[in-house]
Amino acid sequence: MAEESVGERNRSNAFVVSARKRALQKVAKKAGEGMLFSVAFFVAVIVLFIFYFVARDAIPFFQIRGFSEFFTSSNWYPADEPGEFGALAIIYGSLMVTLGSAMIAVPMGVAAAICLSDILPFSIRQYAKPVIEMLAAIPSVAFGFFALVVLAPLMQDHGGPMLMWGWWILVSPFLLLSVIVISDLLTANIKDEKRRQQRHWMLLIVLGLSSIFLLFKVGSVLNGIQILTGTNALNVSIILSFMALPTIVSVSEDALQAVGRDIREGSYALGATRAETIIKTILPAASSGILAAVILGIMRALGETMVVWMASGNSSHIPEPWFNYLEAIRTLTATIAGDMGEADQVTGSARFHVLFAMGLLLLIISFISNLVSERIVVRQRKILSGQ
Amino acid sequence: MIKKLLLLGFFFSCAVTGTANAEGKALVLDGSTTVGPVAKSFATYFTKKYGVRVMVSESGSGNGAKSLINGSCTIAAMSRAMKDAEIAAARKKGVNPVAHVVALDGLAMVVHPGNPVRSLSKAQISSIYRGAITNWKEVGGVNSRIVVIQRESNSGTQESFKELVIGKGVQMTGNAETQSSNGSVKSRVSTTLSAIGFLGLGFVDSSVRVIAVNGVLPSVKTVKDGTYPVSRPLYFYTNGQPAGAVKQFIDLSKTVEGKGMISELGFVNR
Amino acid sequence: MNIGTRKILDRSFTAVGIGSIVVMALALMIVVVPIVYNGIGAVFFTGTVEHRKMLHAEFKRGDSQDLSSEVASSNRYRAKVYDMLTGFEADLETMAPEKKAEYQAKYSQVRTALQALLGPLPGDPEPMLTRFKYGQTRWEKAEEKLHDLLYESKWDNSNPNVMSKEYFVSRAIGFEGTSLARLFPYIKDNLENMLLPEFTFYWGFITDSSVDSHFFGGIWPEIQGTFFLAIGAMLFAFPLGVVAAVYFTEYAKPGFLNSMLRSANSTLAGVPSIVFGMFGLAFFINTMKVSESKSVIAGALTLAIMILPTIIRAAEEAILAVPKTYREASLSLGSTKWNTIATVILPAALPGILTGGVISLGRAAGETAPIIFTAAVSVGSAIGLADVFSSPTPALSWNIYNLASEHEAATQIRHVQYGMVLALVTIVLLLNLSAIVLRARISKKLKG
């Protein structure tokens, strides 16, 4: 009897609860969605916070010292009394290694991406992709350690021969190729077949010999170079290019894949070779995506800290001559990492705020290039989908 | 498979918590890389003897001062005296920095062992670091560009060097390479034929050649009696007069063991 | 262009592409091989009796009976060296003053070299620092030190136009005619008997803490710190990231607000890592005061912000990859959207989400710049879980930097640095490898 009544009560309660539950559910749903939104919004809040906190400490610097010194002077003496805060040489150093790494990574990365998407069979691609991902996963401090402990002494001891071999290995195939192409192009208009052949061979021999002479001449000049310091812009550029490569390859491969099969097949049908198809039709179609990849890769190099801090030499001057990659340089990121130690936030000195000004500069550059690359990708998607 | 992963994670967290052992409040030291070896050796010894954990971070004298002012370290290791501005800032925050001299240190001028230059005058060194002399030929060496190596601007060694050799308010050459620590200056100089740099005496070993300044080589004797022109005291700064474990730690430098460690590390006892 | 040239161009184009992939693989090899090769040397090496002495004294490891018999046998050979030294010291006393002074200088160099090789000599005061308490613990280092003992390095500066060249002079010649001359051939022949090198597998490198600022011992505090930081970052970032991804894929309506949120996400992904460090310092430590100073929690929070966009992106992709049919089936059975997400979509997407999480874990473990100002110290013991809110920690990434470029004897402890780099690279690559395997299995499963 007692048990029954308990059962009854429970049942009636259950009914009431389920009625309430529905209302509750509605509220919970709204609340849940609201919570989801607020979490997603949290990301935006973080970005705003980052901008706010970096800018908050950067602005006092410009109030104290103005803009012109920071951007136009290369006298960096933050510890002097009174200090000098010309960041031109440091900005220049950052640009220099970024450009250097882009010069290595962009051609290689794009070529590798083309190869992955259009040339290699699927079975090989399966193994190539993890290699690229591994390269991307290696921590920057490991790269920095390698640059400092392995590459720098190597450059210092065998700099000349290394440059020479690098020049030969990298340049000779291209030079010989261009000799073949140029001699072909120059003789293409000659109608008489026999004369054309003669001319062609003559040109081939003359150009070939002169290019070999050039190879050896430049090679021997490079061989004679003595690298005074192994921690220099070239070292850093090479390592940074390793780090930028995976980004460039994977993003530009996506862009290439997005170009439809029909375009490729159309080109083949017109009798184009694979190289012609890729260069004349696919690359132009994917160009904006590749540009976005390049921007992202460059940003990776510009924002990298540990490698440049460990292996760039940290010397704040503009090299002489300005393109001398064999001198030590100093970058924005390394300056922040190295000088933050002195940040006497208590007195609010220009010394502390100038580092935040550098951080703000990096932040703005990365923000703009992100926006640009995003726009580019969106636009490409629109064009490709035919809108 | 997910279960496996979770299991793995569980084991892992067990392994990690297994080693957890919280015991007392740790001493935190921050500051100069020059004082770093002394601080680290003291820390190891202190932890072993008294069971108090000691954390040492070497981020530069300036950073040490800042950490003390912010209350984020108990002892600031510095290779220069605190500046007036820093002391004023500390007072404003209610921190009362007290200096304790741990040891003396000679700033050794070092070159690559292959460099035939054996001695430089203070004026010559000053000219090299101001950029007035750029080739070893000008100071009696071989015909090679001088690779000038200096320290990060937050380094007490750098400031002492400027004060003792170049003079306040004089600018160093922008061509000088910057290294973040004594150790990296040493390894740069030992691998670069035409380099010149300066180190705390404790860091000198056979991989670099110490050159005489004004004809005097740095050594325990010349630093102690002041004939070597480039030397300075090394400090531990505390907030107020130290007590308890902090006092024990600082007083290590007065014990036989502490003195032994200091002299084994190549510094000079007071 | 004629057809031959076009063909050549086509081939060479292919060659360039393949070449650049090969160069990338080579780059990976060139970086990884020396790290692996030298890093393994931190754990597997030819250790001397000094190493076993050190292990026994510092970590109470090893059999004391075996050790004492080894020490006894090595001491038998060493005793002869010490006898020669005392004999020569006695001879020194009887020499003419100027000769004595000449030999004294050379003799002190010999003593220093011997101390480096065999540890403190009889009569030396007991060293305070552990690094001076033992001779060479590694055989390859002992061989270097043997060279230092046998030969004196001199610099030839006969040519004033070039830097001097190093050359070596045998020390034995310098002591010709004295009782010490016998020392050098004796040590050369009997070094193995004195140091008893044998193959050593020092697993303690992973589990021990360091002794005397990384001269001896292992890297456990660093490994532990790295895990604390990475897992701490995951604890914050993973739930947030997944929830945000659910919002973006299931609830977000296209519009200005949504595109702004997405831009914010990709902006966050592009922020340089050092700026995260500055932000962590300015926000978590100076403004929020999550801890008085550097601490694990501040570092983990900073890292969490850094990996958040990666997790969001990976989770989004995983959720979008769940076939539409799953969702439709669930909805048609009358379950709510919320229920569908929680019971159908998320479980189906979980492996993909985990893949992204594992990769981000690797990234958090490897980053250095964000923790410089927020969490890392160069020397410290392993910390307990209770200390993460107040205590900074050593971490692999930061300590690699610290040991390689700030340590006072960076060149002497290269093996420790390589060991650390290898440990870090292994952790990160293993995480990535497991992600790759995980992904391969998912794609197999999805294919059926």
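Predicted model: local features only at pLDDT ≥ 70, side-chain atom pairs only at ≥ 80, totals over all residues.
How many residues does helix 2 of chain B have, and how far does helix 2 reach from its first C-alpha to its last? Helix 2 of chain B covers residues 36-50, which is 15 residues. Its reach from first C-alpha to last is 20 Å, close to the 21 Å expected at 1.5 Å a residue.

Next, which residues of helix 2 of chain B are buried? They are B:G36, B:P37, B:V38, B:A39, B:K40, B:S41, B:F42, B:A43, B:Y45 and B:F46. As a reminder, an α-helix has 3.6 residues a turn, so residues three or four places apart point the same way.

And what covers those buried residues? Among the elements of chain B that do so are strand 1 (27-31), strand 2 (54-58), strand 4 (97-111) and strand 10 (231-239). Helix 9 (244-251) and helix 10 (256-264) of chain B are also included in that cover. After helix 2 of chain B comes B:G51, which has a positive phi, near 70°.

Now the domains. Chain B is divided into domain 1, made of 26-102 + 235-264, and domain 2, which is 105-231. If you look for the C-alpha centres of these two domains of chain B, you will find them 27 Å apart. In domain 1 of chain B, 10 residues are in contact with 12 residues of domain 2 of chain B.

Between them, domain 1 and domain 2 of chain B bury about 700 Å², and carbon and sulfur atoms give 42% of that area. Three residues, B:T33, B:T34 and B:R80, supply 57% of the area that domain 1 of chain B buries against domain 2 of chain B, more than any other three residues. The rule finds two salt bridges across this interface of domain 1 and domain 2 of chain B. It also finds six residue pairs in polar contact across the interface of domain 1 and domain 2 of chain B. Elsewhere on the list of salt bridges, B:K83 pairs with B:E159, with the closest N and O atoms 3.6 Å apart.

On to chain B and chain C. The contact takes 52 residues from chain B and 51 residues from chain C. The area buried between chain B and chain C is about 4,000 Å², with 60% of it given by carbon and sulfur atoms. The count between these chains, B and C, is two salt bridges and five residue pairs in polar contact. B:R53 forms a salt bridge with C:D387, and the closest N and O atoms are 3.0 Å apart.

Which element gives the most to the side of chain B that touches chain C? It is helix 2 of chain B, the helix I began with, and it gives six residues.

Last, chain A and chain C. Here the contact takes 84 residues from chain A and 84 residues from chain C. Chain A and chain C bury about 7,200 Å² between them, and 82% of this is on carbon and sulfur atoms. In chain A, the residues that lose the most area to chain C are A:L36, A:M134 and A:F145, together 9% of what that side buries.

Between chain A and chain C the count is two salt bridges and seven residue pairs in polar contact. The side chains of C:R439 and A:E133 meet in a salt bridge at 3.1 Å, N to O. Helix 1 of chain A, residues 2-65, gives the most to the side of chain A that touches chain C, with 19 residues.

Notes:
Residues numbered from 1 in each chain as written. Chains lettered and ligands numbered in written order. Heavy atoms only, no water. Helix = DSSP H or I, 4+ residues; strand = E, 2+ residues; numbered from the N terminus. Expected span 1.5 Å × (residues − 1). Buried < 20%, exposed > 50% of the residue type's maximum accessible area, 1.4 Å probe, protein only. Contact = heavy atoms within 4.5 Å. Domains from an automatic or database assignment. Buried area = accessible area lost by both parts, 1.4 Å probe. Salt bridge = Lys/Arg side-chain N within 4 Å of Asp/Glu carboxyl O. Polar contact = N/O pair within 3.5 Å; in protein donor to acceptor, adjacent residues only side chain to side chain.
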